[in-house]
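User: Hey, I'm new to this one. Can you walk me through it?

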Amino acid sequence: MEESSAKLPAFSYLTAENAALYRAIMRSFVEARERFVLHLRPADVLRAVREVGLDPAAVDTALQKLCEWGNLQSHLDTADVATVEEFYRPRFLYQLTPQGEAVERAVGAYFEALAQRGELQAAALDDIRTLLESVAQMLSRPELDDSAVHLALSALRARFGELTTQAQAFMGSLQRSIDLHAAGVASFLAYKQRLIDYLERFVGQLVIATADIAELLGRVDGAAAQRLADSAGRREVADALDGEEADQRAAAARWEARIEGVRGWFIGRPGAPSQAEELRARARAAIPALLSAVASLHDRRFTRSDRAADLRTLARWFAEAPSDADAHRVWRAAFALASTRHLFVNEEAMAEREAAPVPASRSWLDAPPLRISPRLRATGRHARPGRPSDVIDRSREKALLLAHEDEDERAIADARARLATGRPTRLSELGRLDPLAFEMLLDWLGEALAAGGGETTSADGAIAISLVPTNDGQVATVETPSGTFRGPDHLLTLRSLAPDEAPRSRHRAPAPENAAPSWHRTPAPPGPPPAERP
C-alpha cells in the first residue's frame, strides 16, 4: 500500500488515520461540483462535515493534507477583506483537482457496486430491440447520419452494459439468497413464490427478445458493422482539437468491437453458446435449486429427525456417559475414529507384532521400537528398484467373501420366513431371537411406530407391517443373546410383499407424541472383554 500510495498520492487519504474525515470532505466537494459550485471555503466544508464532530482546526489540517496529496488545490481568498490585518491573514478557497475528483468518484462507484443487488431487466431487452431497429433503418439509407448513428450506438452501449452488469450482480447474489432460506420460514416461502414468478417472466421475455434481436443483428453483417463503426468514430473525434485520422481509426475499432460484443452476447457460435443462452440456463436452474431448498425446509419441519437433533442426542449421550472410557467408546461408535495403531513395515514386522501384539492404548515411549530400513531414510523408498512384485492371487479371499455373502442372505431369508408369517402374533409369543432377527424386528417396529397407525411397509418395500396395541396391560419379553427386550404387548402382523405389490414410494406422517410405547432393553451381563488386535 505504501508503494501504491507513493505512485498515486491522490489515493493516500483512503488509508490515512482520519480516513472518515477525509472522505467526508471529499464527498462535500463532489456534491458541491454536482451543484455547479466550484470553490468552497473552510466554513462551508465545516458545515458539510459537521456530523463528524471535529473542530475547525482539524478541518483546516485535513484540507492542507488533501492539498499536499493533490486531491484539492487552494487559492487566496481576498473577498470580504476590510482591514490590512485581514488581508495578510491567510484565507483560502479550495477546489477539487481532476485527479481528486476521479478518485472520489471511483470510490463512490466502488461502494455503489457493492451495495447493488442486481436485477434481470426485461425492459432493457425491449430498449435494445428498439435501438437495433432504428440502426437497421439507418443502414437502409445510402448515407449515414454520423450524429444519429453515434447517438443510437451510445444509447445501445449504455443500455446493454446496464443489462449485463445488473444480470451478473443478480445471478451472483441469487444463490446467496437461496442459501439464507433458514432465516425465516414464512418470509422465505413468500420470497420463493415472488422469485419463481420473476424468473419465469424474465426467461419468457428473454426467449422472445433474443429471437428478435438475433434476427436484427443478422442484418448487421461485417460490412454494415464497419460502416456503423466508421460513422460513430467520425462523430466521436469531430470536436477534438487535434483529431487525426489515427484517432478516428482507433475510435472506429472500439465501436466495431462493441458491436461484435453485442452480437456475441445474443448469437452463439458452434460449440460456444451465447451469453443469453447461458443466462437463461442459469435462471432456469435457479428454480430447481429454490424448490430443493423448500423441500429441505419442509423435511426439517416435519421429519422425525434431522442432523441437529442427532447431534443434540449425541451430546446428551456424552453428558450421560458414566466415565471417560465410555465417552471414548461413544466417540468411536459415532464417528468411526479409533486411536492410532502401530505401523507395520514389512512381513517380518507383521509376524513379530502378531506373535507379541502391542495394544493401541500403549504409549509410544513404552512400545518396542520400530525398525526402519536405512534405504527408506536415504532414498525415500523401501523396496529395491527392479522387477515389480508378483500380482497376489485373491481368488480364495473373493470366494470366502462370496460364501459370507451367501450365508448372510440365507440368514436374512430365514429370519424373514420366521417372522413374516402374515398372521397376527403377539410380541410376547416371539420367543428367543437371534441377533439378526432381533435387529430386523427393531427396524420393523420403528417403521410401524413412525407411521402412527395403520399398515406401512419396510424401508426396502418387501414387508408389510401392522402394529396394533393389545391394551390388556401385558408386558412382552423378547430374549436375545445381547439381553432382554421388554415393552407393552402388541399384535404384530408381518406379511411378505410380491415384487409387483411393493410400493414405489411411501409418504408417512410423523408419529404422534403419545403413540410410541415405552420400550426398553436390559443388557446381558457383561462378559470378558474382546482381545485387542494390534
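Predicted model: local features only at pLDDT ≥ 70, side-chain atom pairs only at ≥ 80, totals over all residues.

User: OK, which side chain does Arg 426 meet in a salt bridge?

Analyst: That would be Asp 489, at 2.7 Å from N to O.

User: Is Asp 489 buried or exposed?

Analyst: Asp 489 is buried, with a relative accessible area of 3%. The cut-off for buried is under 20%.

User: What is the bridge partner of Arg 426 in β8?

Analyst: Leu 491. Strands β3 and β8 run antiparallel and are joined by two bridges.

User: How many bridges pair β5 with β8?

Analyst: Seven, again in the antiparallel sense, with β5 covering residues 463-469. As one of the pairings to look for, Ser 466 stands opposite Thr 493 in β8.

User: Back to salt bridges. How many are there in the whole structure?

Analyst: A search finds 17. One of them joins the side chains of Arg 33 and Glu 101, at 2.9 Å from N to O. Arg 33 belongs to helix α2 (residues 19-34) and Glu 101 to helix α6 (residues 98-115), so this contact ties together parts that are 68 residues apart in sequence.

User: Are those two buried or exposed?

Analyst: Arg 33 is partly exposed at 22% relative accessible area, whereas Glu 101 is buried at 16%.

User: What does Glu 34 meet in a salt bridge?

Analyst: The side chain of Arg 105, at 3.7 Å from N to O. Glu 34 lies in helix α2 and Arg 105 in helix α6, so the pair ties together parts that are 71 residues apart in sequence. Arg 105 counts as partly exposed, at 37% relative accessibility.

User: Switching topic: which residues touch the most other members in the largest nonpolar core?

Analyst: That core has 47 residues, and the ones with the most such contacts are Leu 120, Ile 128, Leu 153, Leu 199, Leu 228, Phe 266 and Leu 279. Several helices supply at least two residues each, among them α7 (122-139), α8 (146-179) and α11 (245-266). Helix α9 gives the most, with 10 residues. As a general point, nonpolar side chains in soluble globular proteins tend to be buried together.

User: What does Phe 266 touch?

Analyst: Leaving out residues up to four places away in sequence, Phe 266 touches Leu 125, Ile 128, Phe 160, Thr 210, Ile 213, Leu 217, Ser 274 and Ala 276. There's also a second, separate core of 24 residues, including Ile 25, Met 26, Leu 40 and Val 103.

User: Last one: which residues make the nonpolar surface patch?

Analyst: Trp 331, Phe 335 and Leu 337 make that patch, which covers about 290 Å². Phe 335 lies in helix α14 (residues 324-335). Its relative accessible area is 37%, so Phe 335 counts as partly exposed.

Definitions and conventions. Residues numbered from 1 in each chain as written. Heavy atoms only, no water. Salt bridge = Lys/Arg side-chain N within 4 Å of Asp/Glu carboxyl O. Helix = DSSP H or I, 4+ residues; strand = E, 2+ residues; numbered from the N terminus. Buried < 20%, exposed > 50% of the residue type's maximum accessible area, 1.4 Å probe, protein only. Patch = residues over 30% accessible without salt bridge, like charges linked within 9 Å, V, L, I, M, F, W, Y side chains within 5 Å. Areas by Shrake-Rupley, 256 points an atom, 1.4 Å probe, with all protein chains shown as cover. Pairing = 2+ DSSP bridges. Core = buried A, V, L, I, M, F, W, Y, C linked by side-chain atoms within 4.5 Å. Contact = heavy atoms within 4.5 Å.
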